[in-house]
Amino acid sequence: MSSSGIVVSPNLRRASMALAVLGLLGLAAGLALEPTRGFSSLLLNGFFFLTLALGGAVFLALNSVANAGWYTVFKRIPEAFASYVPVGAASLLVVLAGLPSLYLWARPGVMETDHLLHKKVAFLNAPGFAIRMAVMLALWAFLTWRLRKNSLEQDAEPSAEPTKRNVATSAIFLVLFALSFCLASFDWLMSLEPHWFSTIYGLYNVAGLLESSLAAITVAVVLMKRSGLMKEINTSHLHDLGKLMFGFATLWAYLWFSQFLLIWYANIPEETVYFINRMHGGWGGPFYLNVVLNWALPFVLLLPKPAKRNATHLCLVAGIMLAGRWLDLHLMIAPSNMPEYGGINVWDVAGLVGLGALFVLAVTRTVVSVPLISRNDPYLVESLHHHT
């Protein structure tokens, strides 16, 4: 029996551990046999699950600074997501071993012979890249730990002081995160094609993080409600989650279209090459499917009010959005080193399974380690009686 009173099925835990081992072994084989494809899979899946974890912390921080109380009954779920940040950080640090396999600028002699890239050598270099990555990951790990620590202190303290401290921590986290995550997107993703740049790229990835993490939180909330572990969750909580999913999907579409339209309209060769590479060579199908999964389907399926109050329907749409986010990252990463689309390969699947199982293990371990409901939270009564 855990602190929360939940007993995790031994079969689920064993299955997750087995999948984690098999997936990570498969990914390791990919790193050794096909370094470019293997490290692409590591970057893709490592970044995908890290953003789900960071999205949980961002969700908590946004609600905290807004003095919102509606989410209190299920706040342990995004807190559990955030507990994966150190594990996700470790997985991304492994990418440093494969910089020349992924990044053109990291290959011997390229920066010296390419006059356009030579101008960027002060920024695009392996030591600077590694230091920035380590600093950002350490910053996120510390701040997400601090957010959770404040929340857990509220369990033992009847006063509202821990919650007030979390408001200050959340404000600091949101400012630092917004700046550092945009920089991380430029560093880890955009520099895969160092001749190309987009000033909206960082915000575009923030929108993707918000969209996918809300979808993952919604799936977890529905599963906890159906299992009977969080009976306090009602249809109004689901409705608000559905509204946020709808809103963030539309935000993602707005930023995607803004980036695409401006580059298409200006028609400058050094800018259009990014989209040309993703609309040809077999990439056209995934390129348009990306918009369908991340916006068109969620928009249509979540537009009616009853749809946002139906748990099964929300899970379906959330699954579509998670698949869309994974595909979106795949389109950002793979074409940089794979001009001709070769489909989803075995290393991609291995990375998804291995790191996905690690994510599940980290989240379930954290959920069962503390009480599911923070009884001393000053917003608990408001959340229990939440109606929209």
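Is E153 buried, partly exposed or exposed, and what is its relative accessibility?

Mentor: This is a predicted model, and every value below is computed from it. E153 counts as partly exposed, because its relative accessibility is 22% and the buried class covers values under 20%.

E153 takes part in a salt bridge with K149, in which the closest N and O atoms are 2.6 Å apart. Both residues belong to helix α8, and since they are 4 residues apart there, about one helical turn separates them. K149 is also partly exposed, because its relative accessible area is 30%.

E153 has a second salt bridge, to R165, with an N to O distance of 2.8 Å. Here the partners sit in two helices, E153 in α8 and R165 in α9, so this pair ties together parts that are 12 residues apart in sequence. R165 falls in the partly exposed class because its relative accessibility is 33%.

Another group of salt bridges, linked through shared partners, joins R76, E79, R148 and D155 into one network. Within that group, E79 pairs with R76, the closest N and O atoms being 2.9 Å apart. The two residues are 3 apart in helix α3, so about one helical turn lies between them. E79 and R76 are both buried, whereas K149 is partly exposed at 30%. Across the whole structure, the search finds 11 salt bridges.

By the rule used, the model has 3 cavities of 30 Å³ or more. The largest cavity holds about 190 Å³ of space. Its lining comprises 20 residues, and those closest to the centre are S64, Y71, K75, N166 and D377. The helices that each supply at least two lining residues are α2 (35-65), α8 (126-156) and α9 (161-189). Of the contributors, α9 gives the most, with 5 residues. Sorted by class, the lining has 7 nonpolar, 10 polar and 3 charged residues.

The second largest pocket can be described in the same terms. The volume of this pocket is about 160 Å³. It is lined by 13 residues, with L104, L192, E193, P194 and H195 nearest the centre. The lining of this pocket divides into 7 nonpolar, 4 polar and 2 charged residues.

Two loop residues deserve a note on backbone angles. N67 is in the loop between α2 and α3 (76-82), and its phi is positive, about 55°, although it is not a glycine. N67 is partly exposed, because its relative accessibility is 46%. N267 lies in the loop between α11 (235-266) and α12 (269-279), and its phi, near 55°, is likewise a positive value in a residue other than glycine. N267 is classed as exposed because its relative accessible area is 56% and that class begins over 50%.

L19 is part of helix α1 (residues 10-33) and, because its relative accessibility is 42%, it counts as partly exposed.

Note on methods. Residues are numbered from 1 along each chain as its sequence is written. This is a predicted model: local features need pLDDT of at least 70, side-chain atom pairs count only at pLDDT 80 or more; totals for chains, interfaces and linings use all residues. Side-chain values use heavy atoms; hydrogens and water are left out. On a 1 Å grid over the protein atoms alone, a cavity is a set of points where a 1.4 Å probe fits but cannot get out, and a pocket is an open set with protein on both sides within 12 Å along at least five of seven lines; lining residues have an atom within 4 Å of a point. Grid points are joined across faces, edges and corners, and a volume is the space filled by probe spheres set on the points. Ala, Val, Leu, Ile, Met, Phe, Trp, Tyr, Cys and Pro count as nonpolar, Asp, Glu, Lys and Arg as charged, and the others, Gly among them, as polar. Buried means under 20% relative accessible area, exposed over 50%, partly exposed in between (1.4 Å probe, protein chains only). A salt bridge is a side-chain nitrogen of Lys or Arg within 4 Å of a carboxyl oxygen of Asp or Glu.
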